Amino acid sequence: MKNNFQKTWFLTKFHLRKDWLALTIWIISLAALMGAVALKFEAIYGTKAQIATIKSTLNTPAMQALLGTFKGSIKTTSDVFANEMLLFMAIAMAAMNIYFAVRGSRGEEDDGLTELIASHAVGKMADFSSVVLELLTANIILTVLYGFGIQFSTMPGVDGQGSWLIAIALGMVGMLFGSIALLMSQLADNSRGATAYSYGVFGIMYIARMYTDIRHPSQTWWVPLGWIEKISAFQSNDWWPVTCLLALVFVVLLVALQVNQNRDIGSGVIPTRPGRKQATWALRGPSSLVFILQKNSILIWTFGLFVLGATYGSIFNSVGDILKTNPTIQQVLGPDAIKEANHQVILNFISVLSSVMVAIASIPAIQNINRVMGDNNKGYLETVYAKSISRIHILSSYLVTSIISGLLALFASFLGMYVAGNASMHSGKIAIETYVHVFTASAPILLITIGIAVLINGICPKLSVLTWIYLAYGFFAVYMGGLMKLPSWAKKVTAFGWLNKVPMHSVNQSYVITMLLIAVVLIIIGYIGYSQRDLD
């Protein structure tokens with residue numbers, strides 16, 4: 001048994017040294033975000049009137065869909081903090097752990113590093129265990145930083161147990177999705193598939209969490225992502241969800257380890273379907289090759305965003321009925337005014353969702369453009385470079401695939417909202433033209449994000465993590481900006497802050513044209529850098 005873990009610590013140090021820059025950026029970013037929000041919260045929700053206002057907002061179906069339904073009442077600033085921040089930070093923890101788990105396991109197998117390591121005197125379980133220890137190290141550091149950050153934030157209502165309950169619960173959520181990603185890395189036979197499967201599991205949990213929170217909050221107990229809503233921090237401080245998360249992490253890791261020990265290096269439980277014996281005419285150039293390699297990922301993201309949009313659309317009827325539940329407002333405004341007000345509430349909800357959908361649709365787009373660096377590092381492009389194909393042609397192949405994947409996913413999300421939203425509402429149905437306007441206003445934001453990814457890949461691909469930081473900040477600004485009362489300039493640092501609340505307002509053509517020009521300039525600079533720099 002001892003020999004199975006031989007050199008585990010050596011390999012752990014190897015992983016930590018290899019990933020130190022990316023780990024440091026992730027940890028500092030997330031810890032700083034949590035600490036800054038905790039410090040700011042007293043100024044935002046420090047009075048009873050402010051707490052009463054946000055309490056009614058958090059109890060609406062729209063906010064429950066975005067932030068979850070929580071146990072206990074909201075009485076203090078710390079209660080508001082726990083309600084607003086838990087799910088958002090859980091999403092960030094899931095993204096970080098999926099990234100490092102796939103990178104350290106299936107990603108290294110794709111690069112041939114795992115086979116090289118296995119040829120030396122290391123234990124059979126050492127490589128797998130070292131990735132687990134790397135994830136554990138990152139999550140422990142974040143847990144400690146979260147715990148101290150919240151405890152010393154001076155928010156009214158904060159206590160030590162509640163602070164560390166939140167911190168440990170977030171750390172356990174991170175470990176859960178890291179473990180799931182390790183299991184998916186055993187099922188898939190390449191890192192692209194492992195990432196897609198991992199986000200697929202996360203997406204299913206998120207949709208199930210959202211649906212149960214709106215319809216039957218008690219059933220959220222069936223969704224592991226929803227367990228973090230049940231901890232009741234700063235009130236009853238329930239540690240049972242953390243215990244459940246710990247047990248589930250242990251089980252998933254054991255299953256992943258068992259599968260890892262019973263498969264060959266380079267293979268997966270779900271094998272890739274063999275291709276044709278002879279390539280079709282569609283594979284005569286790099287463009288079609290890149291597209292075909294990414295088609296499964298594009299289909300999965302497009303379908304996933306359609307389902308997510310449909311899930312949000314299915315609650316439009318509940319969102320629009322908010323004012324009908326208040327008899328005083330009904331008496332004052334009358335039926336027609338109530339109907340119009342409800343319609344405006346739904347349009348406002350769509351404008352918020354459009355920003356969220358752009359952020360999510362940007363993920364496959366960034367992944368696809370970043371693969372030009374990954375494929376180059378793995379040597380896949382060497383045979384392509386050896387042909388009479390220009391670098392511009394090769395980069396364009398990834399760019400076109402990236403744009404198609406992002407725009408398709410974005411459009412699918414609005415289509416899902418349109419179909420399910422109108423199906424759920426008895427009156428006041430929203431025309432497809434409204435969603436087309438939202439798509440028109442949203443697409444340039446996606447293209448700017450792609451432009452930033454092209455720029456970084458063209459000039460300095462080692463800093464590709466900056467694209468994810470830009471996306472994370474944009475997502476935070478639109479997801480939490482309103483509740484955090486961020487100043488206007490803080491939102492408009494990214495393109496996400498320029499959406500102009502469509503469909504509440506009409507599409508601002510000058511904004512759209514300006515953002516398209518910015519995206520084009522970013523892409524052109526990226527092309528210049530890619531055509532001139534040393535590819536190694």
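Me: How do the residues of the lining of the largest cavity divide into nonpolar, polar and charged?
Reply: This is a predicted model. The largest cavity holds about 90 Å³ of space. Among the residues that line the largest cavity are F70, K71, D79, N83, L86 and S232. Sorted by type, the lining divides into six nonpolar, three polar and three charged residues.

Me: How many cavities of 30 Å³ or more are there?
Reply: The largest cavity has about 90 Å³ of space. The second largest cavity has about 40 Å³. With the limit set at 30 Å³ or more, the count is two cavities.

Me: Which helix gives the largest share of the lining of the second largest cavity?
Reply: The lining of the second largest cavity includes A441, W498, Y511, V512 and M515. By type, this lining has eight nonpolar residues, two polar and no charged. The largest share is three residues, and these come from helix α21 (residues 509-532).

Me: S232 lines the largest cavity. Is S232 buried or exposed?
Reply: S232 sits in the loop between α10 and α11 (240-261). Its phi is near 55°, which is positive in a residue other than glycine. The relative accessibility of S232 is 8%, and buried means under 20%, so S232 counts as buried.

Me: T154 also has a positive phi without being a glycine. Is T154 buried or exposed?
Reply: T154 belongs to the loop between α8 (126-151) and α9. The phi of T154 is about 65°. With a relative accessible area of 60%, where exposed means over 50%, T154 is exposed.

Me: What are the domains of the protein chain, and how many residues of domain 1 are in contact with domain 2?
Reply: The domain assignment gives domain 1 (8-269) and domain 2 (285-532). Taken over C-alpha atoms, the centres of domain 1 and domain 2 are separated by 24 Å. On the domain 2 side, 32 residues take part in the contact, and on the domain 1 side the number is 34 residues.

Me: Which residues lie nearest the centre of the second largest pocket?
Reply: The lining divides into 18 nonpolar, 12 polar and four charged residues. In all, 34 residues line the second largest pocket, and those nearest its centre are N348, V352, V478, G482 and K501.

Me: Which residues is I166 in contact with, leaving aside neighbours within four places in sequence?
Reply: I166 is one of the residues that touch the most other members of the largest nonpolar core. Leaving aside neighbours within four places in sequence, the contacts of I166 are M34, F81, A82, L86, I150, I231, A233 and F234.

Me: What distance separates the C-alpha atoms of Q186 and R106?
Reply: Q186 lies in helix α9 (residues 160-187). R106 is among the residues in contact with Q186, as are F128 and N260. Q186 and R106 are 80 residues apart along the chain, but their C-alpha atoms are separated by 7.6 Å.

Me: Is E108 buried or exposed?
Reply: E108 is placed in helix α6 (residues 106-111). Beyond residues up to four places away in sequence, E108 touches F14, H15, K18, R103, L113, T114 and D127. Its relative accessibility is 1%, so E108 counts as buried.

Note on methods. Residues are numbered from 1 along each chain as its sequence is written. This is a predicted model: local features need pLDDT of at least 70, side-chain atom pairs count only at pLDDT 80 or more; totals for chains, interfaces and linings use all residues. Side-chain values use heavy atoms; hydrogens and water are left out. On a 1 Å grid over the protein atoms alone, a cavity is a set of points where a 1.4 Å probe fits but cannot get out, and a pocket is an open set with protein on both sides within 12 Å along at least five of seven lines; lining residues have an atom within 4 Å of a point. Grid points are joined across faces, edges and corners, and a volume is the space filled by probe spheres set on the points. Ala, Val, Leu, Ile, Met, Phe, Trp, Tyr, Cys and Pro count as nonpolar, Asp, Glu, Lys and Arg as charged, and the others, Gly among them, as polar. Helices (H or I, at least four residues) and strands (E, at least two) are DSSP runs, numbered from the N terminus. A nonpolar core is a set of buried Ala, Val, Leu, Ile, Met, Phe, Trp, Tyr and Cys residues joined through side-chain atoms within 4.5 Å. Buried means under 20% relative accessible area, exposed over 50%, partly exposed in between (1.4 Å probe, protein chains only). Contact means heavy atoms within 4.5 Å. Domain bounds come from an automatic or database domain assignment.
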